[in-house]
Amino acid sequence: MLYRTDRYGNQLSELGFGCMRWTKSGGSVDLEKAEKEVLRAVELGVNYFDTAYIYPGNEAALGAILARNPGLRDRICIATKLPHYLMKSRNQTEHTFQEELTRLGTDHIDYYLMHMVTDLGAWKRVCALGIEDWIQEKKASGQIRQIGFSFHGPTDEFCRVLNAYDWDFCQIQYNYMDEHSQAGRRGLETAEAKGIPVIIMEPLRGGRLVNLLPERAKQILTDNPHGWSPAEWGLRWLYSQSGVTVVLSGMNSLDMVEENCRIASEAAVGTFGPAEQTVLDQVKKEIGKSLKVPCTGCSYCMPCPHGVDIPGAFRCWNEIYTESRKSGRTDYFRASILRHKPTSASLCVGCGRCEQHCPQSIPVRAMLRSAAADLETPWYKIARAGVKILRLW
Ligand code: SF4
Ligand code: SF4
């Protein structure tokens, strides 16, 4: 296993264990199976385990595995998350945090994250509840060792959130298809320049860069002289970047643990050269053939004076055609409604300002209309109205 350092010089395995995808049986985590996978991963050097308050039964399952294996807690770091968007007071935050400690059977969290921050407004909202003082107290008491945030939103907002607080680390969705969307490479490099470690989630887009690749793209990857699998290509691309600290993988089989640990013991910074990049560029081109709109996520068209997240809407619209309707619409719901202010494609009033800045010459207005027709289903509209009412409440 190769290790990278956090902000304070602690050694973190470059492969992290994402607990969210543990196998379920009868609605709850299959503890026996998960325990075997955890113990094997620890044996092979993994020391970073990621969970969250809102993953059903997940913190409690990790707590149960720790309780069954004396000494294990001291060998691993736990990362878990606060659903800050549900918090209405400092007391509620404290209560939720204590519940997490109880579920995990521990007296401290090594890496604590504000879960799913989408923009600066979301962070400011929770600041108004006194979260900064609360974090300071928790860190002083040793109950929280390091504080960070996980992010889903556009690059500019990521940079704003990054600069709005003295974070110890952050977590972003990043993979070779999201190189220029979400926080993206620019976000990663901004964090690196500030000395803030970055944890990577969705390194293979929830497995979609393995299971849902077009046939031709799969062939390009598997016909390579290295003999790497599609998953290995995606992971090695990440490990090669110096701004990446830990790559989370939602492992749920012993084979996956063995394979991912092997890759993480070989793939160091700078080991993905120009020849490998050329292969991935061809793969991206193949995936691009099924895109609805050739948006690169560069954000030159932003900001829209009416609040539309143009690259975000196009990313989710493309996802419908390259992955699945469900994943594209779920991402769109998260990216456009769960923000401080809605950013839906249908907010476009057709002023045309964005089109003058698009290097791809995309007819943004027409494309947004088509995207909204596909993405904004009756259920989406009901949910948007529901969220609006909840906000007023
Ligand atoms: S055309 Fe629509 S998306 Fe573009 S800037 Fe105007 S309102 Fe925003
Ligand atoms: S400028 Fe064009 S390519 Fe860039 S994000 Fe906007 S629509 Fe996409």
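Start at ligand 1 and colour helix α16, residues 364-375: this helix gives the shell around the ligand its largest share, three residues. (Helices are DSSP runs of H or I with at least four residues, strands are runs of E with at least two, and both are numbered from the N terminus.) Keep in mind that this is a predicted model, where local features need pLDDT of at least 70, side-chain atom pairs count only at pLDDT 80 or more, and totals for chains, interfaces and linings use all residues. Residues are numbered from 1 along each chain as its sequence is written, while chains are lettered from A and ligands numbered from 1 in the order in which they are written.

Now show the whole shell. Ligand 1 has 15 residues around it, and the closest are C304, H306, C348, C351 and C354. A residue is near a molecule if its C-beta atom, placed from the backbone, lies within 6 Å of it. By class, the shell of ligand 1 has 10 nonpolar, three polar and two charged residues. Here Ala, Val, Leu, Ile, Met, Phe, Trp, Tyr, Cys and Pro count as nonpolar, Asp, Glu, Lys and Arg as charged, and the others, Gly among them, as polar.

Hop over to ligand 2. Select C295, C298, C301, P311 and C358, the closest of the 15 residues that surround ligand 2. Which helix gives the largest share of this shell? Helix α14, residues 310-322, with three residues. This shell has 10 nonpolar residues, five polar and no charged.

While you're here, pick G297, in the loop between α13 and α14. G297 has 20 C-beta neighbours inside 10 Å, so this glycine counts as buried. (Buried takes 20 or more other C-beta atoms within 10 Å of a residue's own, exposed 12 or fewer, and partly exposed is in between, with C-beta atoms placed from the backbone.) Leaving out residues up to four places away in sequence, G297 touches H180, S181, G184, P311 and R315; contact means C-beta atoms, placed from the backbone, within 7 Å. Draw a C-alpha to C-alpha distance from G297 to F314: 8.3 Å in space, for 17 residues apart in sequence.

Next, find P303, in the loop between α13 (274-288) and α14. The peptide bond leading from M302 to P303 is cis, with omega near 0°.

For a helix pair, show α10 (residues 215-222) with α13: they pack at an angle of about 170°, and their axes are 8 Å apart. That makes α10 roughly antiparallel to α13, a label for angles over 145 degrees, whereas under 35 is roughly parallel, 65 to 115 roughly perpendicular and the rest oblique. Axes are lines fitted to C-alpha atoms over the stretch in contact, and angles run from 0 to 180 degrees between N-to-C directions. On the α10 side, pick R216, A217, I220 and L221, which meet V279, Q282, V283, E286 and I287 in α13.

Last stop: the largest nonpolar core, with 77 residues, where C170, I172, I200 and V247 touch the most other members. Such a core is a set of buried Ala, Val, Leu, Ile, Met, Phe, Trp, Tyr and Cys residues joined through C-beta atoms within 7 Å. Strand β8, residues 109-117, supplies its largest share, seven residues. A separate second core of 19 residues includes C295, C301, M367 and L375.

Key
Two residues are in contact if their C-beta atoms, placed from the backbone, lie within 7 Å.
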